[in-house]
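Please keep the sequence and the coordinates at hand while reading.

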Amino acid sequence: MAERISEDLNAPTHQLRGVGPERAAQLARLGIHSVGDLLLHRPSRYEDRRHFARIADLQLREASLACGKIVASGVKTWKEKTRSVYEFILDDGSARLHCRWWNLPYMEKYFSVGDTVVVYGKTVSIRPRTIDHPETEIIDALDGSIHLNRITPIYPLTDGLQQRWLRALIWNVLLRFESAVAEPHPEIRVNDLPTRANAIQMLHFPKDSNDAEIARHRLALDEFIEMQLSIQTRRKNLESRARTSPCAGDNHLIRPFLAELGFTLTGAQTRVLREIRKDMAGPHPMRRLLQGDVGAGKTVVAACAVLMALESGMNAAIMAPTEILAEQHWRNFRRWFEPLGLGVELQTGSQKTASFGKDSSGDPPGQSRLEAQGRTARPACSNCDNPSPLTINEVALPSRLEACSTLYIGTHALIEEAFAPERLGLVVIDEQHKFGVTQREELVRKGAYPHLLVMTATPIPRTLGLTLYGDLDISVIDQAPAGRGRIKTFVRQPTSLPKVWDFMRDKLRQGRQGYIVYSRVEDTGSTAGLKAVVHEFDRLREVFAPFKVGLLHGGLKGAEKEAVMAAFRANQVQLLLSTTVIEVGLDVANATLMLVENAEQFGLAQLHQLRGRIGRGAEDSFCILIAEAKTAEAKSRLKIMQETTDGFRIAEEDLRLRGPGELLGRQQSGAPPLRFGDLAQDREWIERARGLVQEHLRSKI
Ligand code: ADP
Ligand code: MG
């Protein structure tokens, strides 16, 4: 049997010849720990060193690649040697090129007259031809095959690491390890692309100008296949293994709820509810994403879904990303559910979990005033005198169960261990983009397999939908409730603020309310930041007197936030100065004004969320974005806000301009990092990976 030398791609780099501890540490700084990492170290660009530009042909302000011999060099200093320029002159036989480095006199050490140097950079002047701070590489007569006469990779580097050294290392590693690069999934065939091993070779040392892009496609496809495999397998396992209690309900609570609601559901809401009911009726847990633009009316849909679970004798939980939003939900759901004899409990960070069946009148001392007022809103449970946890036997007693069915509303507190409700039939996650995939999973693990409804106002461009939410079914509310006023958006310079204030005062006099979003502080509660908001607060109080201004930020305690919100809802406060804590979910119909300062600092998707706080009543609303848009790009970005209120268009634009980070939300730790794939641009490859994986999993049955 022929002996096979197996080269291990997981071998740490220090096992390679020529890589000592120091080099290994430098590589580690680039995220390269193993041979495999080294093979996937992606060049940041390539230089076509088969053809150099003639220095005589260099064009002003164009980036070009030239090669010549150094014929002169030296450092000039002035201002008592505090300023300097190092310069060498390169000659390629056609003309001379000056290469300069400002205030880096030590560059002199690296070059000598007579060296052959490749330089790359933008020509800043033509007489004499000059490039400032070019990228350079000294060429050795023996360099032939690796560094010269080819399309040469230029790698991201770190301090102390040289381009030539790294390139030679990768060259040698490729020679030795290329045969160890296996097809990750041999059963998934992609015949029109090179093998993974070939792709890696082409990535580093392309033979043709297209090779690098073809290689990237192959490697990106591999990443997307990995992603789809994990998404689709999870989904499949859920469908084949997980069983749950059917929770479609029997309408006996929904009917009176809808009758008292004060409005009728839109067609879109009804359609989505039908989709949800169908899922919840089945034996497998629902996994559904409900997407609806800001103000589309997702909460009512969630309420109906919750009622289906409660009608079925199960409990339900709603998780919201902020305390303010959890409070708002708690307020609404109590108003809706208490008349139906249902319990609604609030669980936020400032109030630790009350166990199921806890007697609300027996609150221990030391709780805040609000808690003492009865955050635990549990109507007297006529059928159970002893409010102890229900046992499994009691599942057979619907009438008694129903009276004890509870909706828990909370923030992250719901994923803490102490919160462990019985018979959790449905979990709703509001504003899903504010949570990570892991958090979603944690809450779901509370019940055996509860049904899951996640809601988001972030419109999801298809590429992201396929990756981030690939394991969820998607329902869309694509219709706003009738009778809403329009939202007009204006972009203004800071110098127009006084006029904007006049305009706002006018609206306040007509009885409207508004938000002022202060962006200069990240909402981290840092003291410097707080000072700035408080200062702004004083200024605005003067500007808008006699109208009342309230202040809301993440540094306030739960009860303080609640007091400010209550005053704003009651129109005792007309203007709410706030950090971005108001970004999600708030619903105050009389607020029709929104002023966003430093709007250029926000992503478009975030501005759209903020703007979603207004336009919720019958009156027209006005959103004024104050921005010092310095660049044309910044200006055109904000113009999109002026042109459209279509969240989908805004999200696509945001994805294009800023990449997926903003849309993915803060903590989407579920997905592995992509080295080659690009969520914003690779829709074609994502879809292809999805198809390949679907086919593959189907064939496995
Ligand atoms: P979002 O989808 O942004 O969470 P909300 O659920 O907060 O929106 O709904 C916004 C407002 O619209 C709420 O005050 C809600 O009561 C109201 N609303 C929801 N559905 C309808 C409807 N079908 N007709 C009229 N008003 C509605
Ligand atoms: Mg909402």
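## Basis of the values

This is a predicted model, in which local features need pLDDT of at least 70 and side-chain atom pairs count only at pLDDT 80 or more, while totals for chains, interfaces and linings use all residues. Residues are numbered from 1 along each chain as its sequence is written, chains are lettered from A and ligands numbered from 1 in the order in which they are written, and side-chain values use heavy atoms, with hydrogens and water left out.

Helices (H or I, at least four residues) and strands (E, at least two) are DSSP runs, numbered from the N terminus.

## The ligand site

Ligand 1 is surrounded by 16 residues, where a residue counts as near if one of its heavy atoms lies within 4 Å of the molecule. The closest are Gly-295, Lys-298, Thr-299, Arg-484 and Asp-587. The shell divides into five nonpolar, six polar and five charged residues. In this scheme Ala, Val, Leu, Ile, Met, Phe, Trp, Tyr, Cys and Pro are nonpolar, Asp, Glu, Lys and Arg are charged, and the others, Gly among them, are polar.

A backbone N or O atom of Thr-264 lies 2.9 Å from a nitrogen atom of ligand 1. An oxygen atom of ligand 1 has a backbone N or O atom of Ala-296 at 3.4 Å, and a polar side-chain atom of Arg-616 lies 3.1 Å from an oxygen atom of the ligand. Taken alone, ligand 1 exposes 560 Å², of which the protein buries 84%. These areas come from the Shrake-Rupley method with a 1.4 Å probe; for residues, only the protein chains shown count as cover.

## Arg-613

Where does Arg-613 lie? It is in the loop between helix H18 (604-611) and strand E22 (621-626). Arg-613 has a relative accessible area of 0% and is therefore buried (under 20% is buried, over 50% exposed, and in between partly exposed, with a 1.4 Å probe and protein chains only).

The side chain of Arg-613 reaches the backbone oxygen of Leu-586 at 2.8 Å.

Gln-232 is part of helix H6 (residues 211-241). Its relative accessibility is 13%, so Gln-232 counts as buried. Beyond residues up to four places away in sequence, Gln-232 touches Arg-690, Val-693, Gln-694 and Leu-697.

Ile-32 sits in the loop between helix H1 (21-29) and helix H2 (35-39), and counts as buried because its relative accessibility is 1%. Its contacts, apart from neighbours within four places in sequence, are Thr-13, Leu-27, Asp-37, Leu-38 and His-41. Ile-32 and Pro-12 are 20 residues apart in sequence, and their C-alpha atoms are 9.0 Å apart in space.

Helix H4 (residues 163-177) has 15 residues, which should span 21 Å at 1.5 Å a residue, and its end C-alpha atoms are 21 Å apart. The expected span is 1.5 Å times one less than the number of residues. Buried residues of H4 include Leu-166, Ile-170, Trp-171, Leu-174 and Phe-177.

Helix H9 (residues 298-311) reaches 20 Å from its first C-alpha to its last, close to the 20 Å expected for its 14 residues. Of these, 13 are buried, so H9 is largely enclosed by the rest of the structure. Just after H9, Gly-313 takes a positive phi of about 80°.

## Backbone angles

Most residues other than glycine have a negative phi, and most peptide bonds are trans. Glu-80, not a glycine, has a positive phi of about 50°. Glu-80 lies in the loop between strand E2 (63-78) and strand E3 (83-91) and is exposed, with a relative accessible area of 79%. Asn-149 has a positive phi near 60°; its place is in the loop between helix H3 (144-147) and strand E8 (151-154). At 57% relative accessibility, Asn-149 counts as exposed.

A cis peptide bond joins Arg-127 and Pro-128, with omega about -5°. Pro-128 is in the loop between strand E5 (116-126) and strand E6 (129-132). Another cis bond joins Ala-545 and Pro-546, with omega about 10°; Pro-546 is in the loop between helix H16 (527-544) and strand E19 (549-552).

Notes: A polar contact is a pair of N or O atoms within 3.5 Å; within protein, one must be able to donate a hydrogen and the other to accept it, and residues adjacent in sequence count only if both atoms are side-chain atoms. Contact means heavy atoms within 4.5 Å.
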